[in-house]
Amino acid sequence: MRLSPSPDLWTLWWIVLLFNAMGCIQSIRCKPKSFRDSIIVLEVNTSIDSNPTSIDESSSVVLRYRTPHFRAFARVLVPPVARKETWTIGWIQACNHMEFYNTYGTKGMSSWELPDLRDGKIQAISDSDGVNYPWYGNTTETCTIVGPTKKDSKFSVSMNDNFYPSVTWGVPVSDSNVPQLSSIHRDQSFTTWLVAINQATSETLVLQTVRWRMQLHIHVDPEKPLGHRAVLNEPFAQEQPQILGKNEPIPPNAMVKPNANDAQVLMWRPKNGDPVVVIPPKY
C-alpha cells in the first residue's frame, strides 16, 4: 500500500522549490558572470611544419639556414561584456632555454647567449616583438574587446615563429674570412601562452599554455667548395608542440623588457684564452 504525501508536506515542498528558484533568479540578477568566468576558448591548434631546416650557401661570407615554422591558432568566444572595460586577448611567448653554438674546428666556438637565463637568474625571458610588450606581436597575434558589448564576440588570434640566422664562415673575431666553420648546434625551448589582460587593472588570465622546442645540428666541411659544405643532421623533423592540460603561470620576466633579441650576447670562446664579447646586448 502506497501512502500519498499529506497536503502539508506538498505545501512544504512547493515553498522549498519556490525559494530555490527565487534564489537562482536573484543570483543571476545580482551577480552577472565575470569576464574570467564567461570567456570560452573554442579551439586551439599548434604545430611545427614538417619540412626540414633549409640551408643557404649562396654567400661567401655567411651560411644561412631557415627552420620550419612553429604555428599557434586559437578561436575565442566572449559573451556580452557588461562593464565598461577593455580586454586584450592574444599570444605571449618566452624563451626558457637556449643553446646556440657555432664551432670553428680547433679554434673554438661562437655562441649566442642570454646571460641571466644561462646563469639561472631568471626562469624565462620575453620573446616579444620588442614594441608591443608583453605581446608576441600586434597584428594577427592579438584582439581587443571594448565593453560594454551587447552581443557575443567571436574572433581568432594566430602567431608563427622560426629562425633565420646568418653564421660567418670565418672566425668572428678574425679579420680573415677563411672558412673554418665546422658545425652548428641549436636547441631552444619556449613557452607560449594564450592570455587575456585587462588594460585598466592589468588582471591577467591564462587561457592556454603551450610548450615547444626547436633543435638542429648542421655539419660543415670548410674544405669543400661553397654550395657543398653544409649537411643537416638529425633531427630532420621537429617534436610537435605540447598543449598542456594544466596552465602554467607566466614568469615576471616574460612580461617586461628586455626581450630575448635585445638581451642576447654573441661570445667568442676560444680553445685557449679568455672569452671575448663580440656583440654586446642592446639594452
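**Strand pairing**

Reply: Start with Ile55, whose bridge partner in β3 is Tyr65. Keep in mind that this is a predicted model.

Me: How many bridges join β2 to β3, and how do the two strands run?

Reply: There are three bridges between β2 and β3, where β3 covers residues 62-66, and the two run antiparallel.

Me: Which strands form the open sheet, and in what order?

Reply: Three strands form the open sheet, in the order β2-β3-β10, with antiparallel pairing.

Me: Which strands stand at the edges?

Reply: The edges are β2 (54-56) and β10 (166-168). Each has a single partner strand, so one side of each has no neighbour in the sheet.

Me: Switching to β5. Which residues does β5 cover, and how does β5 pair with β8?

Reply: β5 covers residues 86-104 and pairs with β8 (residues 142-146) in the antiparallel sense, over five bridges. Within that pairing, Trp87 has Ile145 of β8 as its bridge partner.

Me: And how many bridges are there between β5 and β11?

Reply: 16, again antiparallel, with β11 spanning residues 183-198. Glu99 stands opposite Asp187 there.

Me: What joins β5 to β7?

Reply: Two bridges, with β7 being residues 125-126 and the strands running antiparallel. Ala94 is the residue opposite Ser126 in β7.

Me: That leaves β6. How does β5 pair with β6?

Reply: In the antiparallel sense over four bridges, β6 being residues 108-113. Asn102 has Ser110 as its bridge partner in β6.

Me: How many residues lie between the strands in the hairpin of β5 and β6, and which one takes a positive phi?

Reply: Three residues lie between them, and Gly105 takes a positive phi near 50°.

Me: New topic: Leu42. Where is the place of Leu42?

Reply: In strand β1, which is residues 40-48.

Me: Is Leu42 buried, partly exposed or exposed?

Reply: Partly exposed, because its relative accessibility is 36% and that class lies between the 20% and 50% cut-offs.

Me: What does Leu42 touch, leaving out residues up to four places away in sequence?

Reply: Arg75, Val76, Leu77 and Lys154.

Me: How far apart are Leu42 and Lys154, along the chain and by C-alpha atoms?

Reply: They are 112 residues apart along the chain, while their C-alpha atoms are separated by 9.2 Å.

Key. Residues are numbered from 1 along each chain as its sequence is written. This is a predicted model: local features need pLDDT of at least 70, side-chain atom pairs count only at pLDDT 80 or more; totals for chains, interfaces and linings use all residues. Side-chain values use heavy atoms; hydrogens and water are left out. Two strands pair if DSSP finds at least two bridges between them. Buried means under 20% relative accessible area, exposed over 50%, partly exposed in between (1.4 Å probe, protein chains only). Contact means heavy atoms within 4.5 Å.
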